[in-house]
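Subject: Structure handover and notes

Hello,

Here is the structure for your files. Please look through it alongside the notes below.

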Amino acid sequence: MYVAPPDHHLVVDDGVVRLTRSPREGGHRPAIDTLFRTAARFHGTRVIGVVLSGALDDGTAGLVAVKQRGGLAVVQDPRDALCGDMPRSALENVEVDHCLPAAEIGSLISRLTRESVAVHSPVPPLLEQETNIALERNSQAESPPGTPSEFACPSCGGVLNEVHDANVVRFRCRVGHAYGLASLSANQQDKVEAGLWAALRALEDQIALNRRLGHRARLRGHQRTAKRFEEHEEAAREQADSIRNLIRRGERWVPVPIEVPAREPA
């Protein structure tokens, strides 16, 4: 059993298992998609991809790669999972071979590993390109897969390319950061909340500064100037209260999957 340590992807590289610090996927490193894709590229029909309990959609795109190369997709029953997001995403987007409770998956894998497998299907160009990114073999001159979208990468601010892979829509930027629909939405929400906290801090600074300037003006007998600073302080306080209320209403920032208009695959 191999377990990825924090801040490293666990990848399969032509017969060996190793660690890389290639770009994050879904805002995370390690990511399941990276492991599944590299395993699918080099071991094809011998791969069994298993998605268990977890949030958002990591593992879905990786299972697509596993199925493309003739491997098997096994998913924990979402009703059995502590968090059913990942299993549910896989079931909604991938032709899963087995869906069952976690307690039954071990015996299933034991049986599947003793069965014969078919010949590998060819490696799709998209899978080769994306695994080269994970294996840190991609050329800097090579364009990212997909076509430019209207979205910016939450990690680096670059343009995200929209990638159509079977029935799954994903995004990847020029330097390699990758997102599914749910993980992109969640990371955008994080950026929004971070922006709100930054705005709140700036307004609190404005409140403190205008209070000090108003007090100073009154001590000097400049009543009109003091009143103007007090008005600025009150306006900043009202804006700060509005932002603070937005942040407190945490339900507003529950990630909602992004809707992308259907179009022909790139």
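Predicted model: local features only at pLDDT ≥ 70, side-chain atom pairs only at ≥ 80, totals over all residues.

Residues are numbered from 1 along each chain as its sequence is written, and side-chain values use heavy atoms, with hydrogens and water left out.

Sheet

Helices (H or I, at least four residues) and strands (E, at least two) are DSSP runs, numbered from the N terminus. An open sheet of 3 strands runs in the order β3-β4-β5 with parallel pairing; two strands count as paired if DSSP finds at least two bridges between them. Its edge strands, β3 (48–51) and β5 (98–100), each pair on one side only. From one strand to the next the twist averages 15 degrees; axes are lines fitted to C-alpha atoms, for helices over the stretch in contact, and angles run from 0 to 180 degrees between N-to-C directions. The parallel strands β3 and β4 are joined by 4 bridges, and V50 stands opposite V74 in β4.

Helices

Contact here means heavy atoms within 4.5 Å.

Helix α5 (residues 125–134) is mostly covered, with 8 of its 10 residues buried. Buried means under 20% relative accessible area, exposed over 50%, and partly exposed in between (1.4 Å probe, protein chains only). Among the buried residues of α5 are L126, L127 and I133, and also Q129, E130 and N132. The buried residues of α5 pack against β1 (9–13), β2 (16–20), α1 (32–43), α2, β7 and β8 (168–173). E136, which follows α5, has a positive phi near 60 degrees.

Helix α6 (residues 181–219) has 39 residues, which at 1.5 Å a residue should span 57 Å; its end C-alpha atoms are 57 Å apart, so the two values agree. The expected span is 1.5 Å times one less than the number of residues. Just after α6, G221 has a positive phi of about 85 degrees.

Cysteines

How many disulfides does a search of the whole structure find? The search finds 0, a disulfide being a pair of cysteine sulfur atoms within 2.5 Å. C153 is in none, and the nearest cysteine sulfur, that of C156, is 3.7 Å away. That distance is too far for a bond. C153 is buried, at a relative accessible area of 3%, whereas C156 is partly exposed, at 43%.

Two single residues

H164 is in strand β7 (residues 159–165) and is buried, with a relative accessible area of 17%. A polar contact of 2.8 Å joins the side chains of H164 and E162. A polar contact is a pair of N or O atoms within 3.5 Å; within protein, one must be able to donate a hydrogen and the other to accept it, and residues adjacent in sequence count only if both atoms are side-chain atoms.

D80 is in the loop between β4 (72–76) and α3 (85–93). D80 is partly exposed, with a relative accessible area of 37%. Leaving aside residues up to four places away in sequence, D80 touches P101 and A102. D80 and I48 are 32 residues apart in sequence and 20 Å apart in space, C-alpha to C-alpha.

Regards
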